[in-house]
Amino acid sequence: IVWENVPYGYYYITSTQNTAVTVDTNTPNVTVYDKNISSPTPGGDNGALKEIIEGATTETKNGATYYTASIGDTVKFRVRLNTVNYVTSEDEETGTTESTQVVNYVVTDTPTSMAIDKDTISVKVGETTLTSADYTATVDSTDGTDGKLTVTVPWVNDDGNSLYDNGDVLVVEYSAEVTGAAVTNGSANNSAVAYYNTDTEISDGSVTVNNYSFDLKKVDSTDQTKTLAGATFEFYKDADHKEKISLVATDTEGVYRLADSADSADSETTVVTSVTTGESGTITVKGLGNGTYYVVETKAPDGYNKLTTHQSLSIDGANLSGDATVSVVNKRGTELPSTGGMGTTLFYVVGGLLVVGAAVTMVVKKRMTGYED
């Protein structure tokens with residue numbers, strides 16, 4: 001900003017530095033460098049550019065934070081940036097300072113094993129939430145990514161004046177779903193980068209979301225090294241068996257992963273809600289976040305009794321492995337009909353008829369005895 005032909009005198013400039021200057025015959029030209037903010041910086045906690053704010057559980061180990069989420073879960077991200085209207089730089093040799101006006105800010109995010117939902121994008125500058133007319137946003141997968149996000153926020157108007165206050169915080173939020181591809185490495189991640197003036201990089205930041213697996217082994221009660229084929233199971237997220245888990249078979253026999261809505265390959269023809277043990281007697285379920293899961297046996301192997309209660313198992317990513325194993329034990333024998341089933345009713349009816357028959361026999365005998373007397 002330049003003021004020309006000002007009268008001699010004392011001037012007080014109100015800014016973030018609040019500077020006083022004197023203009024007189026000795027110093028007719030005065031230059032003030034407002035240096036407190038010279039360039040944009042990441043504005044998140046502990047200097048982070050990108051953070052997870054919803055949808056993933058956190059675990060802390062050795063001072064580091066780890067995130068976990070299941071395939072199909074939606075995770076919400078936040079990118080924060082402390083902005084400036086001019087980027088200043090000082091020449092170390094001459095001591096002169098140059099300023100470059102910021103005309104736009106750009107935030108990109110390249111996901112791996114996650115699908116960004118464009119409809120969830122929101123942008124805020126300072127206390128003002130921008131409308132879709134104030135910025136542009138695209139999610140494009142033509143470059144071979146899972147859908148690269150690009151948000152561009154214009155920073156000057158048609159007259160070349162800055163639209164926002166120097167030092168305002170730019171906040172970009174959006175959500176992404178963990179896809180089935182996350183089972184490959186047991187994780188999904190997003191790598192965000194912030195720029196000014198389209199392609200001058202400010203900072204980058206990545207966040208990794210882990211997932212884990214469990215092995216279910218069907219074994220004989222008398223010899224638990226002996227695994228059993230032919231047992232059918234369903235899996236639930238709750239003890240009341242209301243939130244059934246949908247699965248998709250992988251290329252490995254007996255190995256499944258959680259289904260996701262973002263993967264076009266997951267359809268009604270490939271998604272299953274019950275699985276049966278094969279010759280190995282083992283079922284592996286991948287793509288799970290932290291939590292407790294419930295296993296319900298719906299059919300026992302031939303010659304064994306079906307379990308009447310669910311079994312639970314917990315995954316805790318704090319140990320950074322999270323993988324768990326549960327053995328489901330079956331006893332040999334013929335299963336009696338379940339409570340309330342037709343077989344039980346049949347027992348009650350037959351028993352009742354026998355009691356009635358005995359009573360009738362006793363009455364008849366008494367009458368016959370009386371007649372003879």
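Reply: Strand β17 makes the largest contribution to the lining of the second largest pocket, with four residues. Keep in mind that this is a predicted model, where local features need pLDDT of at least 70, side-chain atom pairs count only at pLDDT 80 or more, and totals for chains, interfaces and linings use all residues. Residues are numbered from 1 along each chain as its sequence is written, and side-chain values use heavy atoms, with hydrogens and water left out.

A pocket here is an open set of points on a 1 Å grid over the protein atoms alone, where a 1.4 Å probe fits and protein lies on both sides within 12 Å along at least five of seven lines; a lining residue has an atom within 4 Å of a point. Of the 13 lining residues, A48, K50, Y67, S206 and V207 are the closest to the centre. Two or more lining residues come from each of β4 (50-54), β6 (64-68) and β17 (200-210); strands are DSSP runs (E, at least two residues) numbered from the N terminus. By type, the lining has five nonpolar, five polar and three charged residues. In this grouping Ala, Val, Leu, Ile, Met, Phe, Trp, Tyr, Cys and Pro are nonpolar, Asp, Glu, Lys and Arg are charged, and the others, Gly among them, are polar.

Now for the sheet that holds β6 and β17. Its seven strands form an open sheet with mixed pairing, in the order β5-β6-β17-β16-β10-β14-β13. At the edges, β5 (57-61) and β13 (136-140) each pair on one side only. On average, neighbouring strands are turned by 25° against each other, direction ignored; the axes are lines fitted to C-alpha atoms, and angles run from 0 to 180 degrees between N-to-C directions. β6 and β17 run parallel and are joined by two bridges, and strands count as paired if DSSP finds at least two bridges between them. Opposite T68 stands N210 of β17.

Further along the sheet is β10 (residues 104-112), with seven of its nine residues buried, that is, under 20% relative accessible area with a 1.4 Å probe and protein chains only. β10 runs antiparallel to β16 (residues 187-196), with eight bridges between them, and T108 has V193 in β16 as its bridge partner. With β14 (residues 148-154), β10 pairs in the antiparallel sense over six bridges; N104 stands opposite P154 in that strand.

Last, some aromatic rings. The whole structure has four aromatic pairs, meaning rings of Phe, Tyr and Trp (its six-membered ring) with centres within 6.5 Å; planes under 30 degrees apart are stacked, over 60 edge-to-face, and the rest tilted. W155 and Y164 form a tilted pair, because their ring centres are 4.6 Å apart and their planes at 50°. W155 and Y164 are both buried. Together with Y105, W155 and Y164 make up a cluster linked by ring pairs.

Notes:
Buried means under 20% relative accessible area, exposed over 50%, partly exposed in between (1.4 Å probe, protein chains only).
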